[in-house]
Amino acid sequence: MNMQSHANASPRRQRSIEAALLVALVILVAVGQWRIAVHDADSSMALVRRPRGVMGTDCVLAAVAARRDAAAAEAALDAAEAALRHVEARMSNWLDDSEVSRLCTAATGTPIPLSPDTLAVLRAARDAFESTARTFDVTCRPQIELWRHAGATAQMPPEAEIAEACAASRWEDLVLTDSGVVKRTAGACVDLGGIAKGYGIDLAVQALQRAGLRGGLVDVGGDVACFGRQAGGQLWLIAVKDPAQPGSITQLHAGDRAVATSGDYARYFEIEGKRHSHIIDPRTGRPAEAARAATVVADTALVADVWATALSVLGPEGLERLPEGVEALVVGSGENGQRLVCTPGFRELCIGPLLKTSPATRSRPP
């Protein structure tokens, strides 16, 4: 009886142990799947958007967020694109109904109301006019239009027309008010092409940051601002284009900053077999010749945009005028090809050596 009872109990006990083990296994699998799901939801992902028709150039927007925050990242990209289009709609010279276009066609003495953004950009441009030794001048649109026509007809403009365009490019002909601007002369006009893009990039970056993203990048026509990190945890890497040939001169780890480049390698025109930069030296009314390209790293894209244009006019000597915290590389012409001149801080941002010998490094004065 005892032996039979023991024999009958053993299979039951075995089945109980097996059931318990099965339950434990199910629990372990469930916990493991939960942990994988939590880890997957917390892992970083990158959402990339390439909106068309933004400021007449290529545009790339990137948002890095936890996978569970994908919807918020999409909304942030919507806001970033809207910020860029908001700036373009108000400050483009190519849109007839923009605030800038209305300013240029307004009559003398008529108050022209402007949005807070356009007014802020005009004030920043006026300040930059003085800090860049009057080489960044948004009032030089008469000069830009003169040379644009010269490029289209492949004929050099007469000296008298150059002088006339210079005389029509004056900040004194514009009075900024709390709500807009008043023109003192009918011909007064502005071109915000060298600053509005940077301002728009800054607004787009702010839209991404407000969403609490782990990282983000805004690239409009090669001018870039970024923050945080890529989805894989790496810092953003930005290539500096070689103006003389395909490829890059170097790559930068800019951190949470902006990088802007100006030069004659992408936009230029030819007259009588000579290549001319699209960037005008407002002091002479002629195309800039002091640099092939200038790349600037700054805390904001607006500042980087301004100084990239100014250094294209000033050349390497302009490095001494850079504000504190702004780094730059200027590519000029040397006896044996390109001559690269940069601030010490710019060199520290480079990944590896510059791909061409830099014969001089200018130090910023104390």
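Is arginine 134 buried, partly exposed or exposed, and what is its relative accessible area? In this predicted model, arginine 134 is partly exposed, with a relative accessible area of 43%. The legends below begin with this residue.

**Figure 1. Arginine 134 and its salt bridge to glutamate 130.** The side chains of arginine 134 and glutamate 130 form a salt bridge, with an N to O distance of 3.6 Å. Glutamate 130 is partly exposed, and its relative accessible area is 47%. Arginine 134 belongs to the loop between α4 (116-131) and α5 (141-153). The phi angle of arginine 134 is near 65°, a positive value in a residue other than glycine.

**Figure 2. Alanine 154, a residue with positive phi.** Alanine 154 is not a glycine, yet its phi is positive, at about 60°. The residue is located in the loop between α5 and α6 (159-167). Alanine 154 is partly exposed, with 39% relative accessible area.

**Figure 3. The salt bridge between lysine 197 and aspartate 223.** In this pair the closest N and O atoms are 3.4 Å apart. Aspartate 223 counts as buried because its relative accessibility is 4%, which is under 20%.

**Figure 4. The salt bridge between arginine 283 and aspartate 281.** The closest N and O atoms of arginine 283 and aspartate 281 are 3.0 Å apart. The two partners are described by separate accessibility values: arginine 283 is partly exposed at 46% relative accessibility, whereas aspartate 281 is buried at 9%. Elsewhere, salt bridges with shared partners connect Arg49, Glu74, Asp78, Glu81 and Arg85 into one network. The count of salt bridges comes to 14.

**Figure 5. The disulfide between cysteine 104 and cysteine 189.** A search of the whole structure finds one disulfide. A disulfide is a covalent bond between the sulfur atoms of two cysteines. Here the bond joins cysteine 104 to cysteine 189, with an S to S distance of 1.9 Å. The link is right-handed, with 90° about the S-S bond. Distant parts of the chain are brought together by this pair: cysteine 104 is in helix α3 (residues 99-105), and cysteine 189 is in the loop between β5 (180-183) and α7, 85 residues apart. Cysteine 104 is buried, with a relative accessible area of 15%. Cysteine 189 also counts as buried, at 8% relative accessibility.

**Figure 6. Cysteine 166 and cysteine 140.** Cysteine 166 is partly exposed, with a relative accessible area of 22%.

**Figure 7. Cysteine 350, a residue in no disulfide.** The nearest cysteine sulfur to cysteine 350 is that of cysteine 342, 6.2 Å away. Cysteine 350 has a relative accessible area of 10% and is therefore buried, this value being under 20%.

How values were computed: Residues numbered from 1 in each chain as written. Predicted model: local features only at pLDDT ≥ 70, side-chain atom pairs only at ≥ 80, totals over all residues. Heavy atoms only, no water. Salt bridge = Lys/Arg side-chain N within 4 Å of Asp/Glu carboxyl O. Buried < 20%, exposed > 50% of the residue type's maximum accessible area, 1.4 Å probe, protein only. Disulfide = S-S within 2.5 Å. Helix = DSSP H or I, 4+ residues; strand = E, 2+ residues; numbered from the N terminus.
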